[in-house]
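Here are my notes for you on this one. Keep the viewer open and click along as you read.

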Amino acid sequence: MEMITINLRNVCLKILEELETSNIFINDALEGHFNMLTLTQQEKAFINRVIYGTVEYEIKIDYIINQFSKVKTNKLKKPILLILRMSIYQMLFMEHVPHSAAIDESVKLVKKRKMVNLAGFVNGVLRNVSRNIASINYPNEDISKSEYLSIMYSFPKWLVEYLLEQYDYIIVREILEDSLKIPRLCIRHNAIKGSRDELLKSLAEDQLIVSEGHLLPYAYYLEGVGAIKNLKAFQKGLFQVQDESSMLVGEIAGPKDSDVILDVCAAPGGKTTHLAQMMHNNGKIYSRDLSDRKILKIKENCSRLGIANVEISKQDATVSDLDLENKVDIVLTDVPCSGLGIIKKKPDIKYNVSLEGISSLIKVQREILNVASKYVKIGGVLIYSTCTINNWENGKNIEWFLDNNSNYELIPIDYELKNGLNTAKDKGFLQLLPINEVSDGFFIAKMKRMA
């Protein structure tokens, strides 16, 4: 049988074009192309690295292109711009790829796209970058800190300035630095389906490198994972993918076996299944989300993990369900947010977020918080959480809620983090920052209904 050779850089170009023209997430675009092609793990790893890296460093790479090209990035044909971006990423960050290979393959790609007249231009720009790569003129940190951070860490300048209004310069620089690191896969052991020894033995059989969690004894980080669905431990339900910061929601909620719990924005079900596990499959959990697709994901996870005390249904969290008002012990409101705490996992977030979008989100977050508060019975608990570090979606929302709901008060969260990154402990809530690869950026507030 004749072997069909796949041009990996052409696949990369197609994925980058798809990301430019649709609202699809990177991981979904990659999965779609991987499902259509027959690729080795090594080939998938190359494509994965080029796509994530090119997107992560887009602003820095465009800055370099504009330094070495007479035609600026806003005037270039889109395929040419994308070819230049991914080629420069390879030259800057992929040491095993010779500059000559990155350049030659890019020129071939231009010709393959029937733009032969631009092959010389692409060749000239890339060879110019290659010759001068050690002496690129970057912004001076002392002259403009926001300009420096924006280019060096490839973050939109307005977003850098937005964060500098909320955090010290050193903290912002560390957050941006962390956002460019390769994320690690964090899992939560599921004791319902087996012991930790069984989990670790199964992961070892799949030749994975496993390290212990930073914050919780049942959290583990995995290296060397290909497709999670192929792992025997996953198929047996011995673990659930979940960041440690998200696991803290369950720890802080502290459910009892007899509790009634409502998770109003539950997909994909990480917190729902964690609480069910903590309750030993007793009590009752109502797990809800907005779409059929999300509901299906919760059902799949509950089934795989052996969860038996969860009732799953489709429900808009901004619309009241009168049947549950004043009846719930713990209500979780893990609201839709800007996602500024998980940019390391989803780098396209930093280009898609906007002040207008954040304002709209804050309105929705407050609507959900208000509706959710009606379900909590007197003496019960309302948990509010996000995966963002934006104070306007976090502490400011809690201040607004308490100002308008005098029957609630904050419960101090006395939870010691090993990394000392709880920046809001003295205010009665928890703000984790994405620094030093310890966890995602995450916010958790715990409030008690007093009357």
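Which residue in strand 9 does Ile 330 stand opposite?

1. Let's start with the question. The residue facing Ile 330 is Val 381 in strand 9. One thing to remember throughout: you're looking at a predicted model. Strand 8 (residues 328–334) and strand 9 (residues 376–386) run parallel and are joined by 6 bridges.

2. Now look at the other pairing of strand 8. Strand 5 (residues 260–263) is joined to strand 8 by 3 bridges, and these two run parallel. Here Ile 330 turns up again, as the bridge partner of Ile 261. As for burial, 7 of the 7 residues of strand 8 are buried, so the strand is largely enclosed by the rest of the structure.

3. Next, the nonpolar cores. The largest one has 72 residues, and Ile 47 and Ile 51 have the most contacts inside it. Helix 5 (residues 78–93) gives the largest share of this core, with 9 residues. There is also a second, separate core of 33 residues, which includes Leu 215, Leu 216, Ile 261 and Val 438.

4. If you skip its neighbours within four places in sequence, Ile 47 is in contact with Leu 8, Val 11, Cys 12, Ile 15, Leu 30, Phe 34 and Leu 39.

5. On to helix 4 (residues 58–68) and helix 5. Their axes come within 10 Å and cross at roughly 100°. Angles of 65 to 115 degrees count as roughly perpendicular, and helix 4 and helix 5 are therefore roughly perpendicular to each other. From helix 4, the contact uses Glu 58, Ile 61, Asp 62, Ile 64 and Ile 65; from helix 5 come Leu 81, Leu 84, Arg 85, Ile 88, Tyr 89 and Leu 92. Sorted by class, that contact has 8 nonpolar, no polar and 3 charged residues.

6. Stay with helix 4 for a moment. How many of its 11 residues are buried? The count is 8, so helix 4 is largely enclosed by the rest of the structure.

7. Strand 2 is joined to strand 3 (residues 219–223) by 4 bridges, and Val 210 stands opposite Leu 222 in strand 3.

8. Last, a loop residue. Ser 439 sits in the loop between strand 11 (429–432) and strand 12 (442–449). Is Ser 439 buried or exposed? Its relative accessibility is 5%, so Ser 439 counts as buried. Leaving out neighbours within four places in sequence, Ser 439 is in contact with Leu 215, Asp 243, Ser 245, Leu 432, Leu 433 and Pro 434. Leu 215 is also one of the residues in the second core.

Methods: Residues numbered from 1 in each chain as written. Predicted model: local features only at pLDDT ≥ 70, side-chain atom pairs only at ≥ 80, totals over all residues. Heavy atoms only, no water. Core = buried A, V, L, I, M, F, W, Y, C linked by side-chain atoms within 4.5 Å. Buried < 20%, exposed > 50% of the residue type's maximum accessible area, 1.4 Å probe, protein only. Contact = heavy atoms within 4.5 Å. Pairing = 2+ DSSP bridges. Axes fitted to C-alpha atoms, helices over the stretch in contact; angles between N-to-C directions. Parallel < 35°, antiparallel > 145°, perpendicular 65-115°, else oblique. Nonpolar A, V, L, I, M, F, W, Y, C, P; charged D, E, K, R; others polar.
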